[in-house]
Amino acid sequence: MIDHSQKELVLVLGGARSGKSAWAQRQVEKDYRSYLFLATARILDEEMAERVRRHREARGPGWRVIEEPLDIPGVLRKGCGDVDAVLVDCLTVWLGNILVEKGEKEVPRFRAELLETLQERDRSIILVSNEVGLGIVPDTPLGRGFRDQAGRLNQEIAAVADKVVFMVAGLPMVLKEGGAPPS
């Protein structure tokens with residue numbers, strides 16, 4: 001268990017199937033007594049329903065869960081109860097929800113509100129996000145815009161995070177710890 005007087009902010013990055021969600025979950029279960037899972041995905045088809053079912057099963061009964069596709073700041077400010085830590089999975093799904101439902105012009109407002117909330121946190125927050133800039137350049141304007149917005153979001157959160165972990169093949173690489181990147 002860690003010192004709960006420290007309200008740490010951790011960003012866990014990685015590609016698809018890199019192990020970021022499982023690693024983040026294990027860390028939260030190991031380091032905190034009580035925790036909440038803030039899920040951002042919407043169930044829009046059978047395949048997604050199956051993914052969500054498997055995630056729920058893997059988490060087990062110790063997790064309180066809130067499903068919120070857009071208002072992460074609102075949940076972090078008012079909806080967490082007295083848990084020690086909140087695991088948000090995942091920021092890139094949240095960003096996609098904003099782009100589709102609110103439009104690209106609203107992204108800066110949502111991003112600014114999230115950053116403000118993270119800096120005023122009253123509990124530890126662990127954020128999972130996809131690193132989408134390592135692959136091919138998307139062939140559509142929406143895809144390129146999403147990639148660019150995700151990169152900006154990840155950079156801004158990494159700048160204020162206490163710890164940043166990059167997952168590759170299930171292995172964590174610590175990019176930043178104690179609030180400063182390694183020299």
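Guide: Helices (H or I, at least four residues) and strands (E, at least two) are DSSP runs, numbered from the N terminus. This is a predicted model, where local features need pLDDT of at least 70, side-chain atom pairs count only at pLDDT 80 or more, and totals for chains, interfaces and linings use all residues. Residues are numbered from 1 along each chain as its sequence is written, and side-chain values use heavy atoms, with hydrogens and water left out.

Visitor: How much space lies in the largest pocket?

Guide: Rolling a probe the size of a water molecule over the atoms shows where empty space is left. A pocket is an open set of points on a 1 Å grid over the protein atoms alone, where a 1.4 Å probe fits, with protein on both sides within 12 Å along at least five of seven lines; lining residues have an atom within 4 Å of a point. Points are joined across faces, edges and corners, and the volume is the space filled by probe spheres set on them. Here the largest pocket holds about 1,000 Å³. Its lining has 38 residues, and A41, M48, H55, D89 and V93 are the closest to its centre.

Visitor: Which element gives the most to the lining of the largest pocket?

Guide: Helix α2 does, with eight residues. At least two residues each come from α1 (20–31), β2 (35–39), α2 (46–59), β3 (64–67), α4 (91–101) and β5 (124–130).

Visitor: How many residues of each class are in that lining of the largest pocket?

Guide: There are 16 nonpolar, 11 polar and 11 charged residues. Nonpolar means Ala, Val, Leu, Ile, Met, Phe, Trp, Tyr, Cys and Pro; charged means Asp, Glu, Lys and Arg; the others, Gly among them, are polar.

Visitor: How much space lies in the second largest pocket?

Guide: About 170 Å³. Of its 13 lining residues, E8, V10, Q27, D31 and K163 are the closest to the centre. Both β1 (9–14) and α1 supply at least two lining residues, and α1 gives the most, with five. By class, this lining has eight nonpolar, two polar and three charged residues.

Visitor: Is A85 buried or exposed?

Guide: Buried means under 20% relative accessible area, exposed over 50%, and partly exposed in between (1.4 Å probe, protein chains only). A85, in strand β4 (residues 85–89), is buried, with a relative accessible area of 0%. V168, in strand β6 (residues 163–168), is partly exposed, at 37%.
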